[in-house]
Amino acid sequence: MSENMIETAGEQSIAQIGGDLRAEGRRRMAGNTQAFLRRHAPFDKMSAAALQAFSDKAEIVFYPAGSEIVGPGTGNVRFFYLVESGKVQARQAGEVAMTEYSILTLGVGESFPIGAVTAGRPSTNIYTALEDTFCYQLPAENFLALMTSSPEFNLFCTQYIASLLDQSRRQLQLQFAQKASEQQTLNSPLSGIGARKPLAVPPETPLRETLEIMSRAAVGSIVITDAGQKPLGIFTRSDLLDRVVLAGLPLDAPISRAMSVKAFTLDEHATAYDAMLGMATHGIRHVLVTDPAGRLSGIVSERDLFALQRVGLRQIRQSIEVAPDVAALKGAAADVRQLSFNMLAQGIGAEQLTQFISTLNDALTRRVIQLHLDHHDFAGIDWAWLAFGSEGRDEQTFSTDQDNGIIFATPDNEDQAALKERFLAFALAVNRDLDAVGFPLCKGNIMASNPEWCLTLDEWKEQFSTWIRQPAPMSLLHATIFFDFRPLYGKSELGDKLRRHLLAQAAATPLFLQAMARNALDVGPPLGKIRDFVTDLEAEHPGKIDLKKFGSRIFVDVARIYALATGVPNTNTLQRLRLTAQRLSPKAEEMHAVIDGLNFIQLLRLQHQHLEGEPERQSANLIDPEKLNELDRRILKESFRQARKIQLRLKLDYQVQ
């Protein structure tokens, strides 16, 4: 073999080796790519063939910090980008549109520019590497082919936030379903409820010894049984004051002298409902459970029954409608909360759940009003109880206080001042009982018992007109609360007349709507330019985000302004958004994304309020984004972007600087 032939063979061998190495590198990258994809939506739901198709066609490209990846000047978008590491900043270029953002940050697992590559147009955003960044680049033709072959990928690209929200809801459903499955119902037999083998002592046991036994076991009750383990009575901590301390009973006296001898017993095959009925009938807090031979086998407390999955919607409504007093309504309010939890476990959406809670809270309020009308006669007088704020919008969550008022008309033969005093006395009683039922008194005193909010129809009209004519800061604050009103009980026609007056006045006063828009833009979504979220907006809550103040309120404020501007009478935010959609966006999918964004924030509020276990009112809407899972963080960021989008539209429409 000649030297030239040897060199040629050597070159071919080297080329072949190089080709083999490159092929091996592509195989290794494909394996790493698929492992990466499986950690992020929507790829974690896609088929192996779809992931292989992405891996075969995508390339990893490096972008140094500060370099532009794609923008309006690069022509029609040629690639779909997926951030593998680093951060990318998207900055709006040119006129703001509903489909874009002024500025946002994309992190690992996030993709861009979906709309532009789908439509085959230039991007209206400038995407720049904030730090050294690696991105997967999938050619546009392969991106479109993947959308055709993979339903999961197609859904993701066409319904981005809706797809993520659905994943989050399923995740939340699993989380709640486990808790719900552990709960029992009122049809459950007593053999599986409460304490098994409860503490028991014979009747001759000294009182001191009995108390020591209870203290060591850290229990609040003990059963007294005979030699055959049949219950004779019960002694509880609440008996200690009346039967021992105040009665002067010596501690060496037998427990039989202090026990309740009329202990209520049920067979262990009886149901939780039987126990609940017995407690309600006899005014007791414990039921002793016995086996078929009459021997003590358990004890069920009021708390045990309270923890059960209580009753269904029909039973709750019936219990509210026939409730004889506030105590019964308080129990029904607990049932409302428990049933709402079960609905979360079943995957019910935030819109349906907040309306469900509001509907049953309406029923509770009406029943409190009806109970007090037995003592306050307003026959022949036109009047209505008004709900304001979240209740007026049918958007109540688990944590809500009172916002209400009264509207009335004075008959010719009545003294208006005297009639108002009668309404104020009535309202004060209703407000107090609503507080007892579980709706705290309003700290701002926006309640019907406040003379400022117990007015005739003409007075309400004049008040609304004053706020509209003179949009001072306090007037704008009042507008955000009182303009979302809804008649809850009484003569609804009075509310309808007030609504027509409000819409006519607002539409005729564009300066007022502009002032409301300026006020609505004072608070923006907490999106960071470098970090995902800004969590230091309120010094008293470091590391937290108020989902109401910096989230749902933004959607609510914008929807209210457009509803007033277009004459939409509805007060519910989602209904307002749907009915004013043409004013906000010509594209249905864009409005769907806005609505999905609000729904997710509401769902997160409900989840937090329930899982935190009756949080303090001031912390009911505060969340730590660092404690959210990756999926929920991603959707929350997208939801805040939707809030920013509708704020940008509002800013343009009302020319707010």
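In which helix is the place of Ile 213? Ile 213 sits in helix H7, residues 207-217, where helices (H or I, at least four residues) and strands (E, at least two) are DSSP runs numbered from the N terminus. The model is predicted, with local features needing pLDDT of at least 70, side-chain atom pairs counting only at pLDDT 80 or more, and totals for chains, interfaces and linings using all residues. Residues are numbered from 1 along each chain as its sequence is written, and side-chain values use heavy atoms, with hydrogens and water left out.

Among contacts (heavy atoms within 4.5 Å) between residues at least 6 apart in sequence, 73% join residues at least 24 apart.

Ile 213 counts as buried because its relative accessible area is 19%. Beyond its neighbours within four places in sequence, Ile 213 is in contact with Leu 199, Val 201 and Ile 222. Leu 199 is 14 residues from Ile 213 in sequence, and their C-alpha atoms are 8.5 Å apart. Ser 111, in strand E6 (residues 111-112), is likewise buried, with a relative accessible area of 11%. Its contacts, again leaving aside neighbours within four places in sequence, are Phe 80, Tyr 81, Leu 82, Leu 106 and Phe 156.

Some backbone details also deserve a look. Most residues other than glycine have a negative phi, and most peptide bonds are trans. A cis peptide bond joins Phe 112 and Pro 113, with omega about -25°; Pro 113 lies in the loop between E6 and helix H3 (114-119). Another cis bond, with omega about 0°, links Ala 41 to Pro 42, and Pro 42 belongs to the loop between helix H1 (3-37) and helix H2 (48-57). Gln 229, though not a glycine, has a positive phi of about 65°. This residue is found in the loop between strand E11 (221-225) and strand E12 (231-236) and is partly exposed, at 40% relative accessible area.

The second largest pocket holds about 1400 Å³ of space. On a 1 Å grid over the protein atoms alone, a pocket is an open set of points where a 1.4 Å probe fits, with protein on both sides within 12 Å along at least five of seven lines, and lining residues have an atom within 4 Å of a point. Of the 44 lining residues, Asp 401, Asp 403, Ile 481, Lys 548 and Asn 621 are the closest to the centre of this pocket. Helices H14 (389-392), H17 (473-482), H20 (548-566) and H23 (588-611) each supply at least two lining residues, and the largest share, seven residues, comes from H20. In H17, the buried residues are Ser 475, Leu 476, His 478, Ala 479, Thr 480 and Phe 482.

Asp 403 lies in the loop between H14 and strand E17 (404-408). Asp 403 is buried yet has no salt bridge, and the nearest side chain of opposite charge, Lys 548, is 6.8 Å away. A salt bridge here requires a side-chain nitrogen of Lys or Arg within 4 Å of a carboxyl oxygen of Asp or Glu; Lys and Arg count as positive and Asp and Glu as negative, while His and the chain ends are not counted.

Notes:
Points joined across faces, edges and corners; volume = space filled by probe spheres on them. Buried < 20%, exposed > 50% of the residue type's maximum accessible area, 1.4 Å probe, protein only.
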